[in-house]
Amino acid sequence: MFYILFHSWLNLLGELLHFADRNFYADWWNSNNIDVFWRTWNLPVHRWAVRHLYFPMVNMGYGKYTAGIVVFFIYGKFFLWSELIFIE
C-alpha cells in the first residue's frame with residue numbers, strides 16, 4: 001500500500017502535473033525519535049499542517065506546544081476518518 005500510494009501514484013501525478021520536486025517522504029525509517037519520524041514520513045501532509053494549521057495558530061497567539069497538540073489531534077481525527085471511509 002505504501003509503495004502504491006506514495007511512490008507510484010504520487011509520482012504519476014507529479015509527472016502529469018509537471019511537479020518537479022517530488023519529495024513525498026524522507027528517510028523516516030532512520031528516525032531516532034518520534035519527532036523526526038512525524039516530520040519525515042509524509043512530507044506533503046507535514047508541510048500542509050504546518051502551513052495551514054500550526055503557523056496560523058501561533059500567529060493568533062497560541063503557544064507552540066498548544067498549536068502542536070491541536071494539530072496532532074486534528075490530523076489524528078482526519079486520519080481515523082479517512083480509515084473509516086476506506087474500510088466501509
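Author: A residue counts as buried under 20% relative accessible area, as exposed over 50%, and as partly exposed in between. Keep that in mind for this predicted model.

Reader: Thanks! Why is F55 called partly exposed?

Author: F55 has 46% relative accessibility. That value falls between the cut-offs of 20% and 50%, so F55 counts as partly exposed.

Reader: How many aromatic pairs does a search of the whole structure find?

Author: The search finds two aromatic pairs. In one of them, Y54 and F55 form a tilted pair, with 5.8 Å centre to centre and 55° between the planes.

Reader: What makes the pair of F72 and F73 edge-to-face?

Author: Ring centres must lie within 6.5 Å, and planes over 60 degrees apart count as edge-to-face. The centres of F72 and F73 are 5.6 Å apart and their planes stand at 75°, so this pair is edge-to-face.

Reader: And why does F73 count as exposed?

Author: Exposed means over 50%. F73 has 55% relative accessibility, so F73 counts as exposed.

Reader: Happy with that. What span is expected for helix α3, and what span does α3 reach?

Author: Helix α3 covers residues 43–59, which is 17 residues. From first C-alpha to last, α3 reaches 22 Å, close to the 24 Å expected at 1.5 Å a residue.

Reader: Where does α3 bend, and which of its residues are buried?

Author: The bend in α3 is about 40°, at V50. The buried residues are L43, A49, L53, Y54 and M57. After α3 comes G61, with a positive phi near 110°.

Note on methods. Residues numbered from 1 in each chain as written. Predicted model: local features only at pLDDT ≥ 70, side-chain atom pairs only at ≥ 80, totals over all residues. Heavy atoms only, no water. Phe/Tyr/Trp six-rings, centres within 6.5 Å; stacked < 30°, edge-to-face > 60°. Buried < 20%, exposed > 50% of the residue type's maximum accessible area, 1.4 Å probe, protein only. Helix = DSSP H or I, 4+ residues; strand = E, 2+ residues; numbered from the N terminus. Expected span 1.5 Å × (residues − 1). Bend = angle between axes of the 7 residues up to and from the residue.
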